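Reader: Please show me the model, and then let us go through some of its local geometry by question and answer.

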Amino acid sequence: MKIAIIGVGTVGSAVATAVKNTGFVHEIVLFDKDGIRAQAAAEDLGHAASFGFDVKINAVSNYRGIRGSDIVIISAGANQKPGETRTDLLQKNVAVIRDIVPRVMANVDSKRVKIIVVTNPLDVLVMLTYEISRLPAGRVIGTGTMLDSARLRTILSRQLSVSTQSICANVIGEHGDSSVIDWSSVVVGGMSLDDFCRQTKISLPGTTRKTISHRVHNAAYEIIQGRGATWDGIGAAVADLLRCIINDEKRVLTVSCIAGTGNKAVAMSLPRIVGRDGVICTLNPRLSAEAAIDLRKSARIIRKNYDSIGK
């Protein structure tokens with residue numbers, strides 16, 4: 001399995017490390033417009049590989065170097081700075097995607113390649129990548145709310161004193177400020193959240209749930225404020241998505257993928273079955289009335305942002 005990573009900044013480097021540590025790839029190609037940075041990252045990661053899995057790691061400054069890649073991960077573009085929203089990056093990163101995707105498609109096998117989009121604002125850029133690449137929708141995948149969902153499960157696990165592995169709780173919609181938590185679908189240990197709280201005598205009132213929701217929505221901003229950027233979480237999310245594809249695991253992940261047609265087409269995160277061929281099936285959870293309204297609002301925001309970029 002050969003993987004190409006486009007953009008080797010802070011996020012791209014973290015993605016490369018996480019992907020290398022899966023042990024499921026035999027070759028990683030690092031592409032960056034700054035060839036010196038790409039070469040340095042390849043050298044550093046190559047030294048680390050000697051302590052773990054035997055992975056061939058190359059740096060390239062020409063897109064011909066990504067030929068033969070089974071999966072291309074796009075992490076290039078401007079990152080959020082303190083005080084910025086993901087949407088603030090829109091025009092900058094639209095230009096980046098418009099430059100990258102045609103060059104990628106000229107050097108890969110369109111009959112089998114899958115593209116994973118990491119760059120923000122993610123959902124809009126998934127739509128743009130799909131449009132430019134002309135790949136089937138299921139093979140243009142954004143990491144979506146995988147990380148948002150992980151943040152929710154982590155916060156809940158601390159609140160409930162139970163492992164994250166025992167919690168099924170998803171954030172859906174935009175990977176951004178309009179993302180949606182549907183509390184009615186949260187399951188802990190195979191039972192509803194309310195039943196779990198009742199049996200364990202844990203109180204999780206509406207005010208606490210609002211606080212948790214606020215923490216999920218603002219987690220990235222807090223990390224960026226304190227650290228300058230987020231990278232470990234998204235690196236792990238990409239590696240998990242990659243593992244699911246390579247092993248044909250057919251797990252349900254909250255990834256972003258375009259659905260619908262015409263002016264109603266939109267990419268946003270929903271629970272989706274992911275395997276070797278990418279997104280196999282989209283699941284539509286039974287939402288509470290409030291969550292359903294919020295999800296429609298989230299979809300409208302994404303579509304409005306996409307329409308604003310022009311052709």
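Reader: How far is the backbone oxygen of Cys-257 from a polar atom of the side chain of Arg-272?
Author: This is a predicted model, where local features need pLDDT of at least 70, side-chain atom pairs count only at pLDDT 80 or more, and totals for chains, interfaces and linings use all residues. Residues are numbered from 1 along each chain as its sequence is written, and side-chain values use heavy atoms, with hydrogens and water left out. Arg-272 is found in strand 13, residues 266-275 (strands are DSSP runs of E of at least two residues, and helices runs of H or I of at least four, numbered from the N terminus). From a polar atom of its side chain to the backbone oxygen of Cys-257 the distance is 3.3 Å.

Reader: Which side chain of opposite charge is nearest to Arg-272, and how far away is it?
Author: Arg-272 is buried (under 20% relative accessible area, with exposed meaning over 50% and partly exposed in between, for a 1.4 Å probe and protein chains only). Arg-272 has no salt bridge (a side-chain nitrogen of Lys or Arg within 4 Å of a carboxyl oxygen of Asp or Glu). Lys and Arg count as positive and Asp and Glu as negative, while His and the chain ends are not counted. The nearest side chain of opposite charge is Asp-123, at 7.3 Å.

Reader: What kind of aromatic pair do Phe-31 and Tyr-63 form?
Author: The structure holds one aromatic pair (rings of Phe, Tyr and Trp, the last by its six-membered ring, with centres within 6.5 Å; planes under 30 degrees apart are stacked, over 60 edge-to-face, the rest tilted). Phe-31 and Tyr-63 lie 4.1 Å apart centre to centre, with 35 degrees between the planes. By those values, the pair is tilted.

Reader: How many residues apart are the two members of the pair, Phe-31 and Tyr-63?
Author: Phe-31 is buried at a relative accessible area of 7%, and Tyr-63 is buried at 10%. Phe-31 belongs to strand 2 (residues 27-31), and Tyr-63 to the loop between strand 3 (56-60) and strand 4 (71-74). The pair links distant parts of the chain, 32 residues apart.

Reader: Which residue in strand 5 is the bridge partner of Ile-73?
Author: In a regular strand the side chains alternate between the two faces of the sheet. In strand 4, Ile-71 and Ile-73 point one way and Val-72 and Ile-74 the other, all of them buried. Strand 4 runs parallel to strand 5 (residues 114-117), joined by four bridges (two strands pair if DSSP finds at least two bridges between them). The partner of Ile-73 there is Ile-116.

Reader: Which residue of strand 4 stands opposite Ile-3?
Author: Strand 1 (residues 2-6) runs parallel to strand 4, and four bridges join them. Opposite Ile-3 stands Ile-71.

Reader: How far apart in space are Ile-66 and Val-108, C-alpha to C-alpha?
Author: Ile-66 lies in the loop between strand 3 and strand 4, and counts as buried because its relative accessibility is 0%. Leaving aside neighbours within four places in sequence, its contacts (heavy atoms within 4.5 Å) include Ala-4, Val-29 and Val-108. Ile-66 and Val-108 are 42 residues apart in sequence, and their C-alpha separation is 7.3 Å.

Technical notes
A polar contact is a pair of N or O atoms within 3.5 Å; within protein, one must be able to donate a hydrogen and the other to accept it, and residues adjacent in sequence count only if both atoms are side-chain atoms.
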